Amino acid sequence: MSRRAPCIVGVRHHSPACARLVAARVRALQPRYVLIEGPADFNPRLDELSLGHQLPVAIYSYLSGDGVQRGSWTPFAEHSPEWQALVLGRVQGAIVRFIDLPAWHDAMTDLPNRYADAPDAVHEARAQAYEAALAERLAIDGRDALWDHLFEQDGETDALAEHLRTHFEQLRGDDPGSAGNAARETQMAQWIAWAMARDDGEVLVVCGGYHAPALARLWREERVGEAEPISPAPPGDSLASRHGSFLVPYSFRRLDAFLGYASGMSSPLYYQWLWEEGCDAAGLRLLREIAGRLRRRGLAASTADLIAVHTHARGLAALRGHAEPLRADWLDAVAACLLKEAQDAALPWTYRGTIRAGTAPLLVEVMDVLAGDQRGRLAPDTPQPPLVASVEHELAAAGITLDGERDIDLLGAQGRCESRVLHRLRLLGIPGIERLQGPTLALAGERRERWRLARPVEQAAALIEAGAYGATLADAARAMLEAKLRDARSDITALAQGLNEAALAGLAAVSDALLADLRSAIAAAPRFEDVGQALAVLYPLYRHGAAVAVAGAPLLAVVIGAACDRALWLFEPTAAIAAAEVYPHLRAVAALRDLLRGHVADQQEGHAGLEIEVARALAVLARKAQDVTAAALSRGAALGALISLPQLAGATSAAVDTSAAMALLGTLAADALGDALSGLLALAREQIAEDPAFVRGVDALVVALDDDDFIHALPALRAALAWLPARERGQLARAVLRLHEAVHLPQSRLTAALPQDVPPQLIALAARRERELWAELQRWGVLPAAQEETA
């Protein structure tokens, strides 16, 4: 018969002291039930945890589908209280069960590590305030040092149990917790009530200390039947979503809080020593390992220094009331004896999170030693998600071995097949797949790729975790792609990059729901230049992407149609254009023009896969060209786009030729002349640059400028002529020399480069002042007219 109440042991995850307490309780109680905070949906597969793995390992649980991607780890090290409960519970013949909600439940949305060392983001304030007040009263820096001082000293387990119970009751107080914690605690309380209702043996519960006070109250309120509690069903349509759990190899570095993981303990290697050897031996090993690392790195650590560290650590321990030096004692001693200069950054063991900038290299090395590099390994018979076998099959079929650098010829079918496989693995973020060289854009025209391929130990875990996205490499990569595209939302640049990755990976098909999401996201894009840049990437993929298996893809058609609509909306309103936006703006107009030109050509050939309103687009361009309030650059670009679309000339009422260009330029002030000319040449260079009427007209406008206007117009005019290739600039120079009957002069007089460090307007100003000087000299009679001409 069982006691009237379960034995609920609140723990700090990955605490050696708590692990020893749990082990002692299992041996003393010999419980019939061992209930552990962990994913209850893994209960049918608990035997997998006993296959002989090399720790640390973790249960990776996931939900994938319907636009949701959620994953959570439940990690185990040998010094984890939950692991000791699992192992010793089985040894005792107990019924062992995980009792927490599955990772796909909404309560786990913001909890990527189930064994995080925080109650929850919303209700942690009270717990933090309690710990801060306690640390201040005891004059201790950092929550880890506080925990060690209170609990990690060698001692008697019954006293430890009472201290833990008191501590966690004070930590929780009357805080009801968040909605997520309430749901988790209700689920765990149901399991406890179920076990107690069986009334056939002791019940031992191992849970996070924050939950323990609540569970001691809640289990009595639950009404359960004979059957084991059932976990809530996954959200959404089960046919449209995937959920499950698999074991993955883990590592001490992933457990370490200083690398950014919300784990139960920092410095996991030190706490493994503490579990195995106790405080005194763990401290001496810490000193030996730190000395060895520092000497290998060439950092100062003499024998005298180490003796000083040892003496200092024992002195600090005595001062702080520790029977043996604890982790903070040793680390404070290292800082006091080995650091030779004052430090601006806080000592890394006094806070949680990644090590801060400015931390001394010596201390970075010390913390790295205590993190450890121990990596887990799964037993050979451990079940794995289908993706792992799919990847091996794809690699073998493509003839790819992960054992060094590999060159791929993208022009051949075999090379493109190899490239798609590697790009899909890269999209999934699999370690060991690194592209060293290759095209940035899928249609960049580069022929070769170079990859560095390997099988690092982290690869196995990454593949298992990626299995949450799909059973095959193509499905998993597509699901990852969809997640990235959804995350991009209205960031049209990121969206274009994602679709370019899709082309490189040969992924053209996506869900209808994603297409609707993308259409809505593009409709909210705020900048015309960004939308134009996306069109410049995506439309060539749609029209010419047969080599990467995305030509005519519905995904691209939807995005391009929505982007064209948005671009027209953003282009028409009057807006100033910053100097840094001139080139992106012109490229965006060019991308819109290329889309119209290609779409009309496709229609003439009987292909009409895009939803493009050509008449509306031409009307927007025409209105922009005629809008006297618009920026001159935009007006010139809009008119240039119309001039460069001769097959559409009849669709607009106004003339769109050289005469229209000259009419526009003739209405502009001198300081706007160059901007409009830039727009015209950027979009219609081939149509107007060599037209004699255009050359005569521009020359006449420039000649008519007075000196002040010319100086103001010169920078923009030079920028406009930069759109002409060198050969065309030479032809323009010859045409201008002919107009001025100066063909005897070399064209280099007009095309020679000016000094790079002298602004062109400064040169023009100097020329004007020189002319004024000669005129003044002539007026005074110092210099005759003929001499001035010669000069």
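Which residues does Ala562 touch, not counting residues up to four places away in sequence?

1. This is a predicted model, in which local features need pLDDT of at least 70 and side-chain atom pairs count only at pLDDT 80 or more, while totals for chains, interfaces and linings use all residues. Residues are numbered from 1 along each chain as its sequence is written, and side-chain values use heavy atoms, with hydrogens and water left out.

2. Ala562 touches Arg519 and Ile522, a contact being heavy atoms within 4.5 Å. Ala562 and Arg519 are 43 residues apart in sequence, yet their C-alpha atoms are 5.8 Å apart in space. Ala562 counts as buried, at 11% relative accessibility (buried is under 20% relative accessible area, exposed over 50%, partly exposed in between, with a 1.4 Å probe and protein chains only).

3. The count comes to 40 salt bridges, each defined as a side-chain nitrogen of Lys or Arg within 4 Å of a carboxyl oxygen of Asp or Glu. One of them joins Asp100 to Arg184, with the closest N and O atoms 2.6 Å apart. Asp100 lies in strand β5 (residues 95-100) and Arg184 in helix α6 (residues 179-198), so this pair ties together parts that are 84 residues apart in sequence; helices (H or I, at least four residues) and strands (E, at least two) are DSSP runs, numbered from the N terminus. Both Asp100 and Arg184 are buried.

4. Glu48 forms a salt bridge with Arg45, the closest N and O atoms being 2.7 Å apart. Here Glu48 counts as buried at 10% relative accessibility, whereas Arg45 is partly exposed at 24%.
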